[in-house]
Amino acid sequence: MRSLDLVARQKLDILEARRLRRHLRSTRRLPGGVVNRDGHELLDFCSNDLLSLSHDPQVVAAAVDATRTFGTGSGASRLVTGNHPLLRALEQSLARHHGTEDALVFGSGYLMNAGVVPSLVGKDDLILIDSLAHACLYAGAQLSRATVVRFNHNDAAHAAAELAARRADHPRCMVLTDTVFSMDGDLAPLAELGRLCADHDAWLLTDDAHGLGIVSLDNPAPLKGGTLSKALAAYGGYICGTAVVMDLLRTRARTLIYSTGLPPGVVATAQAALQRIEADPAWCARPNQLARRFAAALALPTPAAGIVPLIVGTPERALAVSEGLLADGFLVTAIRPPTVPEGTARLRFTFQAAHTEAQVDALTEATRRALRR
Ligand SMILES: Cc1ncc(COP(=O)(O)O)c(C=O)c1O
């Protein structure tokens, strides 16, 4: 269709002019926090494989064994034939790890949020959401058709005021937040939000995508969600909570019912990685130790969970600093709107357990050079 191509071309031209067009760059990930792009080896300081477990021999062996034994795909939705016993074992491990009665695994973290929220609240209900919450929490909120109200980032007092003003008009209410914010690396005020939710009979759902394995949080939420695709080096998402709520989600969450179950090799990967995390706290502490070393050297705020944002303002500047780092052998992708708010384009540095102190010091020098250029 000519008109379809024309619209696509016009939209791309607008994005290009604003330096907001995105490209998929083919990248081979290698052991030790290294990638190969266009034939060049680069040190990778922007992936979410924070514990470098995607090349861990035990984790890889678990994936290979499960794939050899049970095949590659799961064949169908979990409610048909895709519910491999490995999934139940993983759910039990996740529930134990989070101290909840039960857990439920989804095809991804995005699918978890897009499925859980609309299963629990609907058009007469209220959702309060942190303004910087991840896009998939917003997707779940929108799919639910509830009234969605943003509260200022990490501002429990603002959330309290909104709840006081609006809660009585809605039969049910959910409060949605990341635990560790993906683009800023800061922590949600979980204790305050938990108290607030208890006072107003609101259900707190937290997304711990960037926290699991990296930072232990005292989390009062009755719905603790996360992903298998970052520190666990696999793919998939999960929610932990009471047995009765998990039972309801099993039978109501559309993204579980109408989407294929995870492949056995992926499930085995997550299970092996969770065992590694529980067995090796010193390894889990490394990303944040390295992040703190880097932040201290550049006089940036002390990171809480292994993520260091360096806000540079415009997309052009973020792209230029990223290019400068690339020229020195470091991969740190520029993060631009709409992933982050207008005017806050940034470099987002993440640190892997397998990185060395010397590599982090070299990154610090390269960052100084790139900022000067
Ligand atoms: C807070 C948060 N939730 C969910 C996701 C999505 O998880 P997944 O990649 O498993 O879909 C991300 C990924 O970037 C995230 O940062």
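This is a predicted model: local features need pLDDT of at least 70, side-chain atom pairs count only at pLDDT 80 or more; totals for chains, interfaces and linings use all residues.
I started with the fold and counted 13 helices and 14 strands in the protein; both are DSSP runs numbered from the N terminus, helices being H or I with at least four residues and strands E with at least two. I then took the radius of gyration, which is 21 Å, close to the 21 Å from the globule rule for 373 residues, so the protein is as compact as a globular protein of that length. That radius is taken over C-alpha atoms, and the rule is 2.2 Å times the number of residues to the power 0.38.

Residues are numbered from 1 along each chain as its sequence is written, and side-chain values use heavy atoms, with hydrogens and water left out.

**Overall numbers**

I boxed the C-alpha atoms along the principal axes and got roughly 55 × 55 × 55 Å. Of the 373 residues, 53% are buried (under 20% relative accessible area; exposed is over 50%, partly exposed in between; 1.4 Å probe, protein chains only). I also looked at contacts (heavy atoms within 4.5 Å): among those between residues at least 6 apart in sequence, 68% join residues at least 24 apart.

**Ligand site**

Which residues are closest to the ligand? I found 14 residues around the ligand, with Asp207, His210, Thr227, Ser229 and Lys230 the closest; the cut-off is a heavy atom within 4 Å. By class, that shell has three nonpolar, eight polar and three charged residues. In this scheme Ala, Val, Leu, Ile, Met, Phe, Trp, Tyr, Cys and Pro are nonpolar, Asp, Glu, Lys and Arg are charged, and the others, Gly among them, are polar.

A side-chain N or O atom of His210 sits 2.7 Å from one. For Tyr110 a backbone N or O atom is 3.0 Å away, and for His134 a polar side-chain atom is 3.3 Å away. The ligand taken alone exposes 390 Å², and the protein buries 85% of that (Shrake-Rupley method, 1.4 Å probe).

**Gly225**

I looked up Gly225 last, in strand E9 (residues 223-227). Buried or exposed? Gly225 counts as buried because its relative accessibility is 1%. Beyond neighbours within four places in sequence, Gly225 contacts Met112, Thr206, Asp207, Asp208, Tyr238 and Ile239. From Gly225 to Asp207 is 18 residues in sequence but 4.7 Å in space, C-alpha to C-alpha.

Technical notes: A polar contact is a pair of N or O atoms within 3.5 Å; within protein, one must be able to donate a hydrogen and the other to accept it, and residues adjacent in sequence count only if both atoms are side-chain atoms.
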